[in-house]
Amino acid sequence: MKHILPILTLTTLAAAASAQSAAGLSYNRAGLSYNTDADAGDNGYSASIEALVGSSNVWVGASADLNTAGEDSVAVGYLFKNVVAGIDATAFVGSNDGFGIIARRSLNEVVAGLEGRIVWSQNGGSDNTDTFVYELAYNVNSKYQVAVSIEDASGASEQTSVTVRYNF
């Protein structure tokens, strides 16, 4: 709960921003990832899906670890488009008393089809863990995307993932 004030402040500022979406970002997508865990050796596959509800900015997402039972999560949030410098921000709450913010931006000025994403989330359960995910993705075409991400959970371990996504 100690982070609720910064989240509310960010949410309020983002709501005042323009509703223009950054070019080329798709929020309706499904993905399959191969994950490698540097410390625990917990390598394997996971699946994810996210979408905007209808034509609204309400965002829903779910993921499932295909190797470990009980490692599934769901989240719901609100997408603020073009908050600053073409960055779209999504504030979300999820399972396990979790919450966080996703920031995405098209990087077409660097390479056409390139996209960056940073996720901060906190598991509000008994461990109160902060997690950061840094991702660089390339849109092969309008339907397919390939991404590489690094996850850092409170500095304890790093997980690297390669993801193939289908935009629908």
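Residues are numbered from 1 along each chain as its sequence is written. Since the model is predicted, local features need pLDDT of at least 70 and side-chain atom pairs count only at pLDDT 80 or more, while totals for chains, interfaces and linings use all residues, and side-chain values use heavy atoms, with hydrogens and water left out.

Let me turn to the rings. The structure holds six aromatic pairs, a pair being rings of Phe, Tyr and Trp (its six-membered ring) with centres within 6.5 Å, called stacked if the planes are under 30 degrees apart, edge-to-face if over 60, and tilted for the rest. In one of these pairs, the ring centres of F99 and W120 lie 5.7 Å apart with the planes at 70 degrees, so this pair is edge-to-face. It links distant parts of the chain, as F99 belongs to strand 6 (residues 98-106) and W120 to strand 7 (residues 114-123), 21 residues apart.

Are F99 and W120 buried or exposed? F99 is buried, at a relative accessible area of 15%, and W120 is buried too, at 17%, where buried means under 20%, exposed over 50% and partly exposed in between, with a 1.4 Å probe and protein chains only. Of the 168 residues of the protein, 36% count as buried.

Methods. Helix = DSSP H or I, 4+ residues; strand = E, 2+ residues; numbered from the N terminus.
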